[in-house]
Amino acid sequence: MTLGDQIIDVDRVRTTRRLSAEEIRSGTIENRLRALEDNVAEITAANAQVRAAGDNVLRDAECEYSHDAYDNDPTVGGDVDHLLAHWYHHAASDTLLGEADADLIKDSGHSGYAADDPDWDRVAGRVRLGTTRTVTQPLVNLLAQPGSLLYIQFTATLLTDTPLPVDLTFYVGVWDNTAGEEKWVAGLALKVIAVLGDGATAGTTATEYKAIIDTDKGEQFEAVMSVPLATAPDTLSAADFIRVSWPAVPGRKLVTLYRHRSGVYTKLAEVRSGSTEYDDFGDAGIVVGGFPAAALSALRARVQDNSFAPRFGEILVFRYAIQVPGDYAVASTQEQLLRLGLSAATTDAHQVVLDRFQLGFNYGGFQRGPLDLSVTNRVSVTDSPTGGLTPAPTGGSDDPPGPGSGGPRPREELNVL
Amino acid sequence: MPDPVLLHRLQPVEGFSAVAAALGLSPGMMALGSQNFVPTADGRMRAFPGLGLQAGVAGGTIMFPVTDGYASLGSVGSPGSGSVASHVADSLWYAGSGPLRFNGAALGSLSASSILSFLLRSGGSFALTPYQAGRTAPSAPTVTNRDNVGGLMTGSFAVRATRINSITGGESDASDFTLPFTVIDGKVVISFAGISLDANGQDKWGLYGTKDGRQSAGPAFGLVKYPEVADSALATLYGILRATEVEWNDAMLDYEREAPIDNDPPPALTHVAAIENIVLGFGAFGGTGVVSSKPGFPEAFPDAYYSFLPERPVAVYPRVARGLLLVACAGSLHAVVYTGAEPPYAIQSIWPETGIAAHHNLCFAENVIYAFTEARGICRSQGAGEPDYSFANEVAEYTSAWTAANVVVGYDVPTQHVVFCHGSEILSYNKRTGKWGAPIKLSQLRSGGAALNLNGTVKACVTFRRKLYLSVLTGGVYALYRYSEGGGGSRAIYQSGWMQAASASETVTQLKLAVEGSWNRAATVEVFADGDETAAVETFNVSAKTGGSRLRHLDAMGPNVRCAQSVALRVTVDSDDGSEGVLDALISGEPSGVVI
């Protein structure tokens, strides 16, 4: 629907449901606007008989083509026909992720297959994951731009009914595979800013602060100063104070502020209110040995799901919104990869079964990417657990949701296998 | 020898005047050199009864009346700043710096900071686990739809969640929307697995859902059947951890309760106050910002509720008087009044060009503001007009050398004294009679008849249950004393002004004194001549009296002060109960008869 259409719709609302004089007289402007919006939504919903699918920039999204079938014309057969096209696997600790044929996910028919995990279920067209090795696919271009919101979705089920480890987490995000970068696409390092309070007298006692930020998802970030505040008051007081601020990390639930001054490190404050600033009036704090460190120092284009729980006997759709940090310096990035994995190995091998990947800017039902549609060879799979489930569940409206914190994930049930 | 004629008559009941050259002073005034005589409500001047030490409690750097008691911030080693206010259910809100005390007793090891915090009260005591005002929006929960289970939901929806502290009632901003989901004849399982409670007392989650079809744009409204869910009630449902199952349709949304997006935590603050049903924070945004909570939601500080003072506040007086809160800056004084609009308060300038240097430079005495201003000294409010300095003319010269930051102003209701303390002395002003008292010297107090040098300085004060409490730095602690308590009395001195001889000179030969009070201790009466206060010409010892507190006519004294061009009188009495007063002094003798 174009903007013009929306305007027309609003006009239709005005003509189809006129507000009564009493409504106009007694209603607040907000209420009348809301009524108007509701009517627009009703008409919009009524008109939206066909829900659009989301866009998909991934290749071999259904895990149905071998490398041979996807990229060779004519096909050559052999081991290359037992490599999953465009899906690679690497150790979680790998940083510069190789994209050689040897890094592609294999199926058991490959001559080099040695209980690989993840592996490719070439019969059904699925990726099976049961270790901490990660599954990756290079993106065809630099899809993750600063501030953009990406939607990733896939289906998942369990190979057996053995429960997953209790503390298992799932993560997915965009990896900067540029030599020298080799990390999750991230924003700039989180900074603590310290300035003299209003009216404070400048001094010469260099003072430095560090904030450790704990989120409700168990992540821990650190924010540091670029350089200590060299002009900090020599004696801190209610009049001569330093105002310290730190970034509003989404989901933060505790910020612990530390200070380094005159050679002494102190734990200064614990901020639980969500406030992003603190005035240092010179509280003695608690002396500590030094600044503690946290695992993370920047917001990342990465989502972690601490409650990842696919089920045996059912196929669920998992969806996530990946927020690319607005201050991500994309200019130095040469290549981006979609990367996903588990925090721990499953009890049973290959237990998490993944399929129907979709990554794009729009939120909607599954569809293959345009590159998949240009493949001339036949699919490599011979069966599909999701066969007969067309069209794929859209799961929701084609309307794009608002920016997320990187964590929203609706899960939807599909029909039992 | 002729009978002596009356030369001078003194009735020192009109108060104290500190003019340096006390010649020509009204015979009803006490002159410079007087001490420890205070003006009483009946129009007399009586000896100061002393200070009553409050054992087992301590004061602070700054003190405030709160709820049914008083609070303080600061200790000797950690000076306090900021303010303490009471709000709903006697909760105690504080921001600033320094250790926190209530009714003189330490509240655990709690100290104020720029993070607005509060304590809840149960019975007569405060829980010592503070809450910080505000809480952050949680990460969005996980939702899993359950189709075809006979539920009420059919359509596309999204959910938002909030954090709730059911004890304080505080609620956070709503989380981001979950990604949209579609349900067919079903329900939805909302899971907080992997999302922990905050560290600020949260125990519940608030749930908000959209209407069908508004899954992307919202807004989300409260679920009528499931307005909130206790974290303890979350369970594993259908294999989903920490979950609760809900269902709604458009008719089951509470359209009066939209998912909050303006329950923001307060920024860093220097002061806090409360009026009506809002909490106000001061010192935000570089120092001049003022922010308030939503009415009835003391932990929610919307961005839209900001305004600014012309300069950062020096002090905030958190007890409402005349329907307003006072906010004092270095160069101006303002009132904050409740409006209930948006924002729910308004700032009005009271004294646009007159401010104070420190928190205790100002107090409210009933409906009048009394203050000590830098450079201009003591003043008070007079209606809506400019500050009135004239009432303090008698002491203006005396206080001109005071350091404003060290002046403590307070009000004692029983005596109706507005006191102006500086270091180890106190000037009292009786607001009923309009009279000033002679300086109260902390070094000249008495205990059991013996000298008691308090050797301290007044740092703060507070009016509690109508009585004034003084926080006196002495012996390395902030000892707390009750004003005019009869703690042992004081050495009171009445010093008259100089009385010039009507003729060329005069000879004083008789002195008669009428006094009142107990006079349980010995006293001295000295006569000075010719402007020399360093050495008395005559000194008379007056023995202690018995017989209770009453009018007394002391035995007539026979000085022999010859050819004096001026005379002055000094009466020194060690009071032990604050009843002593000098009512009348008749100075008689013989004038020279020579008129120049």
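## The largest pocket

By class, 23 nonpolar, 22 polar and four charged residues make up the lining of the largest pocket. This is a predicted model, and the volume of that pocket comes out at about 1,100 Å³. Of the 49 residues that line the largest pocket, those closest to its centre are A:A238, B:T61, B:P79, B:G80 and B:S81.

## Where the two chains meet

How many residues does each chain bring to the contact? Chain A gives 52 residues and chain B gives 63 residues. Between them, chain A and chain B bury about 4,400 Å², and 48% of that area is on carbon and sulfur atoms.

Next come the polar links. Across the interface of chain A and chain B, 18 residue pairs are in polar contact, with both residues at pLDDT 80 or more. The count of salt bridges between chain A and chain B is one. That salt bridge pairs B:R163 with A:D216, and the closest N and O atoms are 2.6 Å apart.

## The chain A side of the contact

Which elements of chain A give two or more residues to the side that touches chain B? They are α3 (29-47), β13 (252-261), β14 (264-271), β15 (277-280), β18 (316-323) and β21 (409-413) of chain A. The largest share of this side, five residues, comes from β21(A). By class, the side of chain A that touches chain B has 17 nonpolar, 14 polar and 21 charged residues.

## Salt bridges in the whole structure

Over all chains, a search of the whole structure finds 33 salt bridges. One of them links A:K210 with A:E222, where the closest N and O atoms are 2.9 Å apart. A:K210 sits in strand β10 (residues 207-215) of chain A and A:E222 in strand β11 (residues 220-224) of chain A, so this pair ties together parts that are twelve residues apart in sequence. Side chains of opposite charge can pair when their charged atoms come close.

## Backbone spots to look at

Most residues other than glycine have a negative phi, and most peptide bonds are trans. Here are some places to check against that background.

A cis peptide bond joins A:D73 and A:P74, with omega about 5 degrees. You will find A:P74 in the loop between α4 (67-71) and β1 (83-90) of chain A. In chain B, B:E342 and B:P343 are joined by a cis peptide bond with omega about -5 degrees, and B:P343 lies in the loop between β30 (333-338) and β31 (345-351) of chain B. Finally, B:A375 is a residue other than glycine with a positive phi, near 75 degrees. B:A375 belongs to the loop between β33 (368-373) and β34 (377-380) of chain B.

How values were computed
Residues are numbered from 1 along each chain as its sequence is written. Chains are lettered from A and ligands numbered from 1 in the order in which they are written. This is a predicted model: local features need pLDDT of at least 70, side-chain atom pairs count only at pLDDT 80 or more; totals for chains, interfaces and linings use all residues. Side-chain values use heavy atoms; hydrogens and water are left out. On a 1 Å grid over the protein atoms alone, a cavity is a set of points where a 1.4 Å probe fits but cannot get out, and a pocket is an open set with protein on both sides within 12 Å along at least five of seven lines; lining residues have an atom within 4 Å of a point. Grid points are joined across faces, edges and corners, and a volume is the space filled by probe spheres set on the points. Ala, Val, Leu, Ile, Met, Phe, Trp, Tyr, Cys and Pro count as nonpolar, Asp, Glu, Lys and Arg as charged, and the others, Gly among them, as polar. Contact means heavy atoms within 4.5 Å. Buried area is the accessible area (1.4 Å probe) that two parts lose on being put together, summed over both. A salt bridge is a side-chain nitrogen of Lys or Arg within 4 Å of a carboxyl oxygen of Asp or Glu. A polar contact is a pair of N or O atoms within 3.5 Å; within protein, one must be able to donate a hydrogen and the other to accept it, and residues adjacent in sequence count only if both atoms are side-chain atoms. Helices (H or I, at least four residues) and strands (E, at least two) are DSSP runs, numbered from the N terminus.
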